[in-house]
Amino acid sequence: MKPKSKKIRNERGRPLPITATNTGKRGAGGSSSYSNKLLKFYDDSNDILLVGEGDFSFTKALLLPPHSCAPDRITTTVFDSRDDLREKYPDTAETNIKFLEEYTVSEKAVKHNNDKSESEEDYEHYYPHSDEEQEHYNADAATDGHSDVPEKVKILYKVDATALTKTKHLRKRKFDCCVFNFPHTGSGIKDQDRNILKNQELLAGFFKSVISVLKPRGTVVVTIFDGPPYSLWNLKDLAKASGFETVRSGKFVWDHYEDYKHRKTSGMGETTKKSQERDARTYIFRLLDPAKKDTAPPANLKRKQGRNRKDDKRTKRTRDDSSDSADDD
């Protein structure tokens with residue numbers, strides 16, 4: 001029998017997302033906490049929107065194996081201007097941008113229909129398409145156009161993830177999949193309660209905004225680090241408050257994204273612990289069917305000050321690993 005997962009609860013008794021303190025270890029049942037399989041969050045025919053992309057290394061990784069996404073299916077956006085990116089990430093941003101600008105579909109790795117991976121089978125399991133839905137997707141793809149530059153990635157600068165339709169190009173588009181990796185305000189607030197609140201507001205704004213650019217059966221993908229303070233954001237509650245349900249979650253495996261490097265919002269540099277050595281989890285959401293919506297109160301954005309001693313001790317034990325998280329992407 002599968003052992004029950006122990007959940008941390010906040011001061012109101014609500015369960016918080018499971019932390020990954022035993023990641024990679026074998027439990028009593030002999031099974032691993034996480035799977036290292038590729039969590040494929042998109043279909044090959046999907047139009048994908050990436051927000052908060054930092055130095056664009058994740059976008060680049062999606063074009064390379066094992067993903068090999070078609071470049072004209074990807075629209076990638078960043079909050080900063082191109083000049084700001086050059087200054088913040090001088091060693092990587094401009095190189096990655098030029099790679100995206102020059103990459104064409106002819107360079108895309110050839111896929112064979114009979115080479116279906118286990119991850120693709122998993123993906124079909126949690127993201128099924130009926131014949132009717134597939135016809136709807138095909139019709140959308142035939143009419144919305146994929147890029148101003150044929151067969152190229154569409155790159156957009158100065159895009160606010162909480163106000164996506166303020167960008168003219170995004171007002172004209174609908175996407176099958178919208179991705180926000182390691183969201184963070186980068187505000188540098190040292191007070192943990194205020195820091196958590198600001199990042200909850202960022203995510204709440206994103207979930208509200210993304211609805212306007214999402215296709216009816218589209219998905220939203222958010223990846224965050226495991227453990228406090230990220231687990232205290234109550235990501236799934238925030239999504240639910242905006243009308244989304246959790247479809248699936250899984251371990252974010254760094255090795256599946258070639259040359260992808262997590263970057264701090266404030267610029268180059270690593271956190272206390274290298275990002276590739278930190279556990280992270282990807283959550284996949286989809287808009288709730290109106291018939292399934294309930295009257296549950298929205299996620300509590302404001303957290304009480306003066307947490308009890310037990311919570312303070314738990315936070316202190318993990319603070320060394322996330323001491324500079326206020327500057328993370």
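Biologist: How many bridges join strand β5 to β7, and which way do they run?

Modeller: Strand β5 (residues 214-225) and β7 run antiparallel and are joined by seven bridges. Strands here are DSSP runs of E with at least two residues, helices are runs of H or I with at least four, and both are numbered from the N terminus. Two strands count as paired if DSSP finds at least two bridges between them.

Biologist: What kind of model is this, and how are residues numbered?

Modeller: It is a predicted model, where local features need pLDDT of at least 70 and side-chain atom pairs count only at pLDDT 80 or more, while totals for chains, interfaces and linings use all residues. Residues are numbered from 1 along each chain as its sequence is written, and side-chain values use heavy atoms, with hydrogens and water left out.

Biologist: Back to β7. Which residue there is the bridge partner of Thr219?

Modeller: Arg286 in β7 is the partner of Thr219.

Biologist: And how does β6 pair with β7?

Modeller: Strand β6 (residues 244-251) pairs with β7 in the antiparallel sense, over seven bridges. Thr246 stands opposite Phe285 of β7.

Biologist: How many residues of β7 are buried?

Modeller: Seven of the eight residues in β7 (residues 280-287) are buried, so the strand is largely enclosed by the rest of the structure. Buried means under 20% relative accessible area, exposed means over 50%, and partly exposed is in between, with a 1.4 Å probe and protein chains only.

Biologist: What is the strand order in the whole sheet?

Modeller: The order is β3-β2-β1-β4-β5-β7-β6, an open sheet of seven strands with mixed pairing. Its edge strands are β3 (154-156) and β6, each pairing on one side only. From one strand to the next, the twist averages 20 degrees.

Biologist: What about β2 and β3, parallel or antiparallel?

Modeller: Strand β2 (residues 74-77) and β3 run parallel, joined by three bridges. Within that pairing, Thr77 has Leu156 of β3 as its bridge partner.

Biologist: Which strands does α7 touch?

Modeller: Helix α7 packs on the sheet and touches β1, β4, β5, β6 and β7. A contact means heavy atoms within 4.5 Å. The direction of α7 makes about 160 degrees with that of β5. Axes are lines fitted to C-alpha atoms, for helices over the stretch in contact, and angles run from 0 to 180 degrees between N-to-C directions.

Biologist: Changing topic. How many salt bridges are there?

Modeller: The structure has 11. A salt bridge is a side-chain nitrogen of Lys or Arg within 4 Å of a carboxyl oxygen of Asp or Glu. One of them joins Asp47 and Arg173, at 3.9 Å from N to O. Asp47 lies in the segment before β1 (48-51) and Arg173 in the loop between α6 and β4 (175-181), so the pair ties together parts that are 126 residues apart in sequence.

Biologist: Are those two buried or exposed?

Modeller: Asp47 and Arg173 are both buried.

Biologist: What does Glu201 pair with?

Modeller: Glu201 forms a salt bridge with Lys198, again 3.9 Å from N to O. Both lie in helix α7 (residues 192-210), three residues apart, about one turn of the helix. Glu201 counts as partly exposed because its relative accessibility is 39%, and Lys198 is partly exposed at 38%.

Biologist: How far apart are the closest N and O atoms of Arg86 and Glu94?

Modeller: They are 2.9 Å apart, in a salt bridge. Arg86 is partly exposed at 36% relative accessibility, whereas Glu94 is buried at 16%.

Biologist: Now the nonpolar core. Which residues have the most contacts inside it?

Modeller: Phe41 and Phe207 do, in the largest nonpolar core, which has 63 residues. Such a core is a set of buried Ala, Val, Leu, Ile, Met, Phe, Trp, Tyr and Cys residues joined through side-chain atoms within 4.5 Å. Not counting residues up to four places away in sequence, Phe207 touches several residues, including Val220, Leu235 and Phe285.

Biologist: Last one. What share of the chain is buried?

Modeller: Of its 329 residues, 49% count as buried. The chain has nine helices and seven strands.
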